[in-house]
Amino acid sequence: MKLKEKPTWRELPFACCIPEPGNSVYYKTGDWKTLKPVVDKTKCIKCGTCWIFCPEYAYEEDEYGYFESNLEYCKGCGICARECPAQCITMEEEVVE
Amino acid sequence: MSVTQRPKEAYLNVFAYRMAPREEYFTRGHRACQGCGPALGLRHIMKAAGRDTIVVNATGCMEIISSPYPYTSWAVPWIHVAFENAAAVASGVDAAIEALQRKGKLPRKKINILVIAGDGGTADIGLQALSGMLARGHNVTYICYDNEAYMNTGVQSSSATPFGASTTTTPAGKVSFGAGYWKKNVAAIATAHNVPYVATACPSYPLDLIRKVKRSFELKGPAYIHLFAVCPTGWGSPPELTVRMGRLAVETGIFPLYEVEFGRYRLTIDFPQGLRPVEEYLKNQRRFRHLSPEIVQQIQERVTAEYQRLKTMEKVTQG
Amino acid sequence: MAKRTGIEVSIAIAEAARQADVDVVSAYPITPQTHIVEHLAQLVADGDLDANYITVESEHTAMSACVGASAAGARVFTSTSSQGLALMNEIVYLASSLRTPVVMALANRALSGPISIWNDHSDVMNERDTGWICIFANNGQEAYDLTLMAFRIGEDKRVMLPVMINFDGFILTHVIEPIYMFDDDEIADFIPPYEPVIYLDTDNPITMGPVGVPDIYTEAKKQQEVAIRESRSVIDEVFDEFAGRYGRRYRAVETYKAEDAEIVLLAQGSVIEAAEAAVDVLRDQGKKVGAVELRLWRPFPFDDLREVLCGTSIKQVVVLDRCISFGGPIGPVLSEVRSALYLEKDKPMVVGVVAGLGGRDIHLEEYIEMFRIGEECLRTGKDAGEEPELVKIVGLRE
């Protein structure tokens, strides 16, 4: 169930509570960024440093144990690139087509 | 003093982070600024607190960025009431759950009650409610994320603002060097309440932070955790340096990481070979850019003395 | 069975909270509320009430803890007075907007300054628009009965709003009255266990009190406004059920010898009983006078009031305010009564007086003076006299 952003007063949940936990996942913050992280998997050691230090929880682990940033949420802060012990992440300009 | 010296946690296997809990109870899609230290800290805190947690959030950055209707970043029950009363609301939640479980109206299970409040909501306007909650002995863990000013309203100074910092209400100017008072030590105030557990933490040391949050819930009674949380927007520091800045605050002794369990002090991250000079921490921040070498020296002396005091407390109380 | 017992009114109110089996009491001591909370603390200490009593460090925390406890699913009771309520003010609004049905016993006392521990209604009037259901008791029996009913009204799933029961500080709180107290079993039947609509449940996590962005704040306020307006039918239902069970009938607007009266005095709280004595004296002199009590203050009983005052024998209403609206329309009760009658065609004139501030006694001759002011208005035909906005204080030394 996705709550309406502009409900009528009758549609608004009781006491304007939000009954669905963690529904901010519907709210994509990826368009905030100007730079995006690019992971060089040939250098990645799969340590998870990028994942633990991401304030957005944008990093996701794939089936091979690599971590990659979900760009729908990544705000492009660059902490991951800075902290990566293998220095395998670079911040690159987002190209808008 | 070695420049390459790293804290204990850095010597851990670099793969240790993979051991951190995978569950996220503070979810993505929140609206914190790029490189937000408090938001990063919240992620770690909620990994540690887990599913059976009720969060009481004071008004502030973390409340605003996580709950603009119709979106919530909270996957646990969460309540915001007002600014200065999060500890008071949590006291009520604790009393209610205890009574309802005793009376058989709620199933008996351990529920973690967690307060999240900023430094304004803790060191200033919420100090009385915090003191009351600690003194009454509620089963509540109170975490202050300290970004050292009222960031939500535009970087006004709080009593947790550090000496010499330029804020919008303690601006550096022709005749002023910024905040002319020393940062209030709320962890020490909490410790003075003789509560079971007080700790300082920083999201740059996630495993230390996660362990401390877990420990606070293991012990019966109130706990206070003071979380150093870098604010790139308010401090004028590059967002990519958030984790680095937190580490520098710890490595310079500006913000020592310690815990006080039943009165016994322990530095959880220590630097036997000495601390880095405070300039290394101060230099990357716009809010300190105006500081003269004399002021920096004053800060250095204070930091050294405070660190020594902690070391002494550790020695005396661990005895 | 109800037993008639000589009991201090404060103790009776605390006993009502015990009989309602509250889970959490959170209160900060303030004169003249103290006997209520002391008794509750003793009940908890003796194991006669299975509740957690939170010894808070301020009234602001008292109300905050009430909201937190109620949000966690507990039945909650608090009590305060005057400055305490003023300090709570910020959170009083949160209790209603978060729909936490806290019950508060308010021992009405004047607001500072100068500091006064004695009775008037300035404390409650300050909270007029906070969204609480607000009811006045005029004696100890009513205070006890209404405290019991407050749980039923506030916790009704169609309502879910906090309720404030008002009774005059010292004049009622510290007086021993014969009061009919019900058996615990009867009350357990009258007040069923509290079932929250939403609560902080780890098995069903919800977010309570999110940021009210401009796209929803208006709708949230409308929802709250409808809730308190619609609580009226539940209030009447509970009054009816109470009358059916226990024989005492409560109404939103009470009257005394108003049926054929030309001039009535309208007031709230314990002064009503004294005003009725003045009515009797004047009736003996052949004057057609009566008294009207505005028992229900929020939601405001517009229709009931119009039914009593409009198209009847009543030509003149004298409203007694126990609080001054500084620089405004004399007093809040006057302002609201006039507003309620404004669009009516066949309505009485309404004049306002202020009396009984900060514990100043109102004597019989002063009630008679209030009726005389009403008579004069009626005679001259000048609504509220020569200077309509002048605050007429009865019992003032000039």
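In this predicted model, the contact between chains B and A draws on 42 residues of chain B and 48 residues of chain A. Putting the two together buries about 3,700 Å², with carbon and sulfur atoms giving 59% of that. On the chain B side, B:Arg28, B:Tyr69 and B:Tyr71 stand out: they supply 25% of the area chain B buries against chain A, more than any other three residues.

Now for the polar side of things. There are 4 salt bridges between chain B and chain A, including one where the side chains of A:Glu83 and B:Arg247 meet at 2.8 Å, N to O. The polar contacts across this interface come to 25 residue pairs, both partners at pLDDT 80 or more. Helices α2 (37–49) and α10 (242–251) of chain B each put at least two residues into the side that touches chain A, and α2(B) has the largest share, with 5 residues. By residue type, that side of chain B splits into 21 nonpolar, 11 polar and 10 charged.

Over in chain C, there's an open sheet of 5 strands, ordered β10-β12-β11-β14-β15, with mixed pairing. Strands β10 (253–256) and β15 (349–354) sit at its edges with a single partner strand each, so one side of each has no neighbour in the sheet. On average, neighbouring strands are turned by 25° against each other, direction ignored. Inside the sheet, β11 (263–267) and β14 (316–321) run parallel, joined by 4 bridges; C:Leu266 has C:Val319 in β14(C) as its bridge partner.

| Helix (chain C) | Strands touched | Angle |
|---|---|---|
| α12 (364–380) | β11, β12, β14, β15 | about 125° with β11(C) |

Technical notes. Residues are numbered from 1 along each chain as its sequence is written. Chains are lettered from A and ligands numbered from 1 in the order in which they are written. This is a predicted model: local features need pLDDT of at least 70, side-chain atom pairs count only at pLDDT 80 or more; totals for chains, interfaces and linings use all residues. Side-chain values use heavy atoms; hydrogens and water are left out. Two strands pair if DSSP finds at least two bridges between them. Axes are lines fitted to C-alpha atoms, for helices over the stretch in contact, and angles run from 0 to 180 degrees between N-to-C directions. Contact means heavy atoms within 4.5 Å. Buried area is the accessible area (1.4 Å probe) that two parts lose on being put together, summed over both. A polar contact is a pair of N or O atoms within 3.5 Å; within protein, one must be able to donate a hydrogen and the other to accept it, and residues adjacent in sequence count only if both atoms are side-chain atoms. Ala, Val, Leu, Ile, Met, Phe, Trp, Tyr, Cys and Pro count as nonpolar, Asp, Glu, Lys and Arg as charged, and the others, Gly among them, as polar.
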